[in-house]
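Okay, thanks for coming, everyone. Let's take a look at a structure together.

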Amino acid sequence: MKALLAVAAGTAALLASGALQAQSTLDAVKSKGYVQCGVNTGLAGFSQPDSRGEWKGIDVDLCRAVAAAVLGDASKVRFTPLTAQQRFTALQSGEIDILSRNTTWTVSRDSSLGLNFAGVLYYDGQGFMVPRKLNVKSARQLNGATVCVQPGTTTELNLADYFRANKMSFKPVVIEKLEEVLNAYFAGRCDVYTTDVSGLVAVRASRAPKPEDHVILPEVISKEPLGPVVRHGDDKWFDAVKWSLNAMLEGEELGLDSTNIDQQMGSSNPSIQRFVGASGELGKGLGLDNKWAYNVIKQVGNYGESFARNLKPLGFDRGLNNLWTQGGLMYAPPIR
Ligand SMILES: N[C@@H](CCC(=O)N[C@@H](CS)C(=O)NCC(=O)O)C(=O)O
């Protein structure tokens, strides 16, 4: 009897997981009424709770944009803080609906891990930070250095490649938790801290006891296109996330922002009419309300607004993350 019950329970679990897989995350999110979003454990400008416990940052804004597009309400998001090592399992297992956490788009993550990258939210590259007092001017002077790094990252792999390619040696100090790796670096347990340059800028501005005591070296040793991630085989959800990001970019290109979009509802510009849902049926194809893109801009803002709100105060420049019309790489395919 016990054995039979166990078999029955197993079958029920299998059926449940099969049903879960068959159901699009888009439908699941609509029926539960919120988006479960995997974020960083706390990186200023990207995802960090403020003093009232409210999550803030550009990665957080992407999740809010998805909630605005899919549910019509940017506040319908729950956040799961994840270390680099925890993040992909959390997505694969269904614990989160979307991973929006300074994650680099690589071919192995996009294929072997069974994931899909919905675009690029921030173009980045890996760099090195050292205490100013070491008087190091270039990464080529780091032979023999002790380097603090987090595991489960592209950072760890690029670090090894760079030192090998330049015939230099290093001693890695590998620590999983951000808090602890930073404590180690700031306490002088390593000569160098390496991560994406955005991470270095954010950490120096928000965590260094004295930001001016640390320099970011000029070498950028890799390409780190960071973007939101979903599971393979979940195309409707993939589309919803991809076009929420594109709406933030296209909104900026069209000159639409959270403060002017209501006045622009009556615009005679056909691109704006389609964008705000005043003409056409773009929402229907996505399985969303026709005001999906309007809701993103009205409730979260365009990409430039999010950048200005979250990253500018920490000293970030737009650089590669400017629109293609302004010399950057940000380019949304047509919303039509
Ligand atoms: N972009 C790289 C690195 C991402 C990463 O996890 N960076 C660290 C250093 S800034 C981080 O975000 N740590 C925060 C945490 O573990 O919560 C990747 O995708 O592997």
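I'll talk about the spaces inside this one, then about its aromatic rings.

Some ground rules: this is a predicted model, where local features need pLDDT of at least 70 and side-chain atom pairs count only at pLDDT 80 or more, while totals for chains, interfaces and linings use all residues. Residues are numbered from 1 along each chain as its sequence is written, and side-chain values use heavy atoms, with hydrogens and water left out.

So, what do we mean by a cavity? On a 1 Å grid over the protein atoms alone, a cavity is a set of points where a 1.4 Å probe fits but cannot get out, and lining residues have an atom within 4 Å of a point. The count comes to one cavity of 30 Å³ or more. About 250 Å³ of space lies in that largest cavity. It has 24 lining residues, and the closest to its centre are Arg101, Asn102, Gln150, Thr153 and Thr195. Helix H6 (154-165) and strand S11 (192-196) are the elements giving two or more residues to this lining, and S11 gives the most, with four. For the names, helices (H or I, at least four residues) and strands (E, at least two) are DSSP runs, numbered from the N terminus.

Next, the second largest pocket, where a pocket is an open set with protein on both sides within 12 Å along at least five of seven lines. Its volume is about 190 Å³. Among its lining residues are Tyr122, Val197 and Phe316, and strand S7 (122-124) and helix H8 (197-207) each supply at least two.

Keep Phe316 in mind, as we move to the rings. The structure holds 14 aromatic pairs, meaning ring centres of Phe, Tyr or Trp (its six-membered ring) within 6.5 Å, with planes under 30 degrees apart called stacked, over 60 edge-to-face and the rest tilted. Phe46 and Phe316 have ring centres 6.2 Å apart and planes at 65 degrees, so that pair is edge-to-face. Phe46 lies in the loop between strands S1 (35-39) and S2 (48-49), and Phe316 in the segment after helix H14 (303-310), so the pair ties together parts 270 residues apart in sequence.

Are these two buried or exposed? Phe46 is buried, at 0% relative accessible area, and Phe316 counts as buried too, at 5%; buried means under 20%, with a 1.4 Å probe and protein chains only. Finally, ring pairs link Phe46, Tyr122, Tyr303, Phe307 and Phe316 into a cluster.

Note on methods
Grid points are joined across faces, edges and corners, and a volume is the space filled by probe spheres set on the points. Buried means under 20% relative accessible area, exposed over 50%, partly exposed in between (1.4 Å probe, protein chains only).
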